[in-house]
Amino acid sequence: MKEEPLLIEDGNPILKRRSFLRLLSGSMIAILFLPIISKWTQLNFASVSGKTPVSNGNQFSPIPKPAAKSLPPMGGGRKGEFRYYTVTEIPKLNDKNWSFTIDGLVENPSTFIWDQFVQLKRDIQVSDFHCVTEWSVYSVTWEGIPLRTLLQQSGIKEEAKYVKLYSADGVYTDTLTLDQAMLDDVMVAVLIDGDLINEKNGGPVRLIVPKMYAYKSIKWLNRIELIDY
């Protein structure tokens, strides 16, 4: 039987969707809160302050050294609160079991282990982060590799039309058109405000697509596949 999404929040018991819906069963409250229930059938969430350090359960060495514009953050430090969503258990990742693959319709498919990946040249950008569930975090300083750089270096085949993105949770995938993927602010991010992205926020590597809602900014990114459909 398919497992249900979990509420991931320190200090609170796990609440599954079925339990939440049962509380509302047979009540007019269910009608009044139908839009909220609809969101819960897709995802559950938890939030912590964007300025509060969050422990990182993932273990990686070496830790990438932030660029001068990352620490102190070029954007002055993020403003707002992140909420952390998952449709699975958070994957337990480390520098021994993590890898990053680019394949599909490319001339030069490649797979990086952690030691190789942290040696790739990184850029810095400041952008806002918007969720479809009506919250935002502003002026976030991200450090990582522009997606278009990785794609261009891989050699995009003529028939490629879409970019399929895979999460290390083994379940979640999403896609961008090739034109969307080539936007200059779409980034494979490694650092946030000078720190390694923590596990709840999709670290050690996640996608950032500032011009689209954050469900496109796939967490625990570990594979990029170019496809034609």
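Trainee: Let's start with a tryptophan: is Trp220 buried or exposed?
Mentor: Keep in mind that this is a predicted model. Trp220 comes out as buried, because its relative accessible area is 3%, under the 20% cut-off.

Trainee: And where does Trp220 lie?
Mentor: Trp220 is in the loop between S11 and S12.

Trainee: What about the phi of Trp220?
Mentor: Phi there is positive, near 55°, and Trp220 is not a glycine. For context, most residues other than glycine have a negative phi.

Trainee: What does Ser139 do with its phi?
Mentor: Ser139 also isn't a glycine, and its phi is positive at about 55°. Ser139 sits within strand S6, residues 135-146.

Trainee: Switching to peptide bonds. Which bond is cis at Pro72?
Mentor: The one joining Leu71 and Pro72, with omega at about 5°. Pro72 belongs to the loop between strand S1 (44-49) and S2.

Trainee: OK, charges now. How many salt bridges does a search of the whole structure find?
Mentor: The search turns up 9 of them. As background, side chains of opposite charge can pair when their charged atoms come close.

Trainee: Which residue forms a salt bridge with Lys92?
Mentor: Glu199, and the closest N and O atoms of the two are 3.5 Å apart. That pair links distant parts of the chain, 107 residues apart. Lys92 is in the loop between strand S2 (79-86) and strand S3 (99-104), while Glu199 is in the loop between strand S10 (195-196) and S11.

Trainee: Are Lys92 and Glu199 buried or exposed?
Mentor: One of each. Lys92 counts as exposed at 59% relative accessibility, whereas Glu199 counts as buried at 9%.

Trainee: What about Lys96, which side chain does it meet?
Mentor: Asp95, in a salt bridge of 2.8 Å, N to O. Lys96 counts as exposed, with 73% relative accessibility. Asp95 has 18% and counts as buried.

Trainee: And which partner does Asp103 have?
Mentor: Arg223 forms a salt bridge with Asp103, with the closest N and O atoms 3.2 Å apart. This pair links distant parts of the chain too: Asp103 in strand S3 and Arg223 in strand S12, 120 residues apart.

Trainee: Why does Asp103 count as buried?
Mentor: Because its relative accessibility is 18%, under the 20% cut-off. Arg223, at 25%, counts as partly exposed.

Trainee: Which residues are linked with Asp103 in a network of salt bridges?
Mentor: Arg223 and Glu225 are linked with Asp103 in that network.

Trainee: Last topic, the surface. Which residues make the nonpolar patch?
Mentor: Val132, Tyr213 and Tyr215 make a nonpolar surface patch of about 310 Å².

Trainee: Where in the chain is Tyr213?
Mentor: Tyr213 lies in the loop between strand S11 (206-208) and strand S12 (221-227).

How values were computed
Residues numbered from 1 in each chain as written. Predicted model: local features only at pLDDT ≥ 70, side-chain atom pairs only at ≥ 80, totals over all residues. Heavy atoms only, no water. Patch = residues over 30% accessible without salt bridge, like charges linked within 9 Å, V, L, I, M, F, W, Y side chains within 5 Å. Areas by Shrake-Rupley, 256 points an atom, 1.4 Å probe, with all protein chains shown as cover. Salt bridge = Lys/Arg side-chain N within 4 Å of Asp/Glu carboxyl O. Helix = DSSP H or I, 4+ residues; strand = E, 2+ residues; numbered from the N terminus. Buried < 20%, exposed > 50% of the residue type's maximum accessible area, 1.4 Å probe, protein only.
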